[in-house]
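Biologist: I have a model open and want to talk it through. Can you put it up on the screen?

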Amino acid sequence: NTIQGAKIALMGRISNSMGIGVSGKSIWGPNVLGNQDRLQDVDLGVIYNQSFFQFGASLRNVFGGKELMQFYREYALGGRVTYDQILSLSVATQSKFSNATPYQIGVGAEYVSPYYFAIRGGYRSLIQDKQSFWSVGTSLVSPKLSFHYAMEIPNQPNASLEHTLGTTLIF
């Protein structure tokens with residue numbers, strides 16, 4: 001029942017306060033029928049940065065996603081307030097294109113140390129499914145290479161933990 005994936009992203013600034021990004025992804029694993037399946041799609045994003053405040057928007061699964069794998073075309077909107085580029089508080093929503101009402105709302109906090117590590121925590125709620133999750137994570141951060149680990153803890157009985165590993169390489 002493991003879903004796996006790989007993603008490659010390109011990002012850049014289009015002005016001093018605005019950036020854009022595009023990522024290609026491949027995700028594989030069981031679909032809702034229990035058969036092995038694969039999704040290949042693209043995500044787009046934009047971020048506006050004004051020193052202590054950031055606003056972002058993204059479009060996920062531009063080519064439509066794959067309903068049998070429960071990946072839909074959707075969009076997300078979020079904002080973040082940052083103090084001295086060390087402590088951040090954020091809020092975000094996600095909605096499917098088929099229904100503009102947000103199906104997910106999340107809040108989070110992050111501390112980025114000047115000594116190459118970061119810790120973060122958050123809470124998200126799947127409104128219609130009446131499910132919620134706590135999350136914690138940490139990163140080792142350097143100017144060119146970073147490693148990330150996160151764990152999501154469901155509030156539902158008998159639900160399993162979800163672990164995420166990632167790396168970022170900046171050219």
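What follows is a chat about the fold, the strand pairing, the salt bridges and one surface patch.

Biologist: What should I know before I start reading numbers?
Modeller: This is a predicted model, in which local features need pLDDT of at least 70 and side-chain atom pairs count only at pLDDT 80 or more, while totals for chains, interfaces and linings use all residues. Residues are numbered from 1 along each chain as its sequence is written, and side-chain values use heavy atoms, with hydrogens and water left out.

Biologist: How many helices and strands does the protein have?
Modeller: Zero helices and eleven strands. Helices (H or I, at least four residues) and strands (E, at least two) are DSSP runs, numbered from the N terminus.

Biologist: What is the radius of gyration?
Modeller: 17 Å, close to the 16 Å that the globule rule gives for 171 residues, so the protein is as compact as a globular protein of that length. The radius is taken over C-alpha atoms, and the rule is 2.2 Å times the number of residues to the power 0.38. Along the principal axes, the C-alpha atoms fill a box of roughly 50 × 35 × 30 Å.

Biologist: In what order do the strands sit in the sheet?
Modeller: The order is 1-2-3-4-5-6-7-8-9-10-11, in an open sheet with antiparallel pairing. Strand 1 (4-13) and strand 11 (162-169) are the edges, each pairing on one side only. Two strands count as paired if DSSP finds at least two bridges between them.

Biologist: How many bridges hold strand 2 and strand 3 together?
Modeller: There are 13, between residues 18-30 and residues 36-50. K25 has D41 as its bridge partner in strand 3. Five residues separate the two strands in the hairpin, where G34 takes a positive phi near 90°.

Biologist: And strand 3 with strand 4, how many bridges there?
Modeller: Seven, again antiparallel, with strand 4 covering residues 53-66. V46 stands opposite A57. That hairpin has two residues between the strands, and S51 takes a positive phi near 50°.

Biologist: Change of topic. How many salt bridges?
Modeller: Seven. The criterion is a side-chain nitrogen of Lys or Arg within 4 Å of a carboxyl oxygen of Asp or Glu. One of them joins D43 and K25 at 3.1 Å, N to O. D43 is in strand 3 and K25 in strand 2, 18 residues apart.

Biologist: Are D43 and K25 buried or exposed?
Modeller: Both are buried. Buried means under 20% relative accessible area, exposed over 50%, and partly exposed in between (1.4 Å probe, protein chains only). K7 is linked with K25 and D43 in a network of salt bridges.

Biologist: What does K66 pair with?
Modeller: D37, with the closest N and O atoms 3.1 Å apart. K66 lies in strand 4 and D37 in strand 3, so the pair ties together parts that are 29 residues apart in sequence. K66 counts as partly exposed because its relative accessibility is 28%.

Biologist: Which residues make the nonpolar surface patch?
Modeller: Y83, L87, Y111, Y115, F117, I119, L140, L145, F147, L169 and F171, over about 1300 Å². Strand 8 and strand 10 (145-154) each give two or more of these residues. Patch residues have over 30% relative accessible area and no salt bridge; like charges are joined within 9 Å, nonpolar side chains (Val, Leu, Ile, Met, Phe, Trp, Tyr) within 5 Å. Accessible areas come from the Shrake-Rupley method with a 1.4 Å probe, and for residues only the protein chains shown count as cover.
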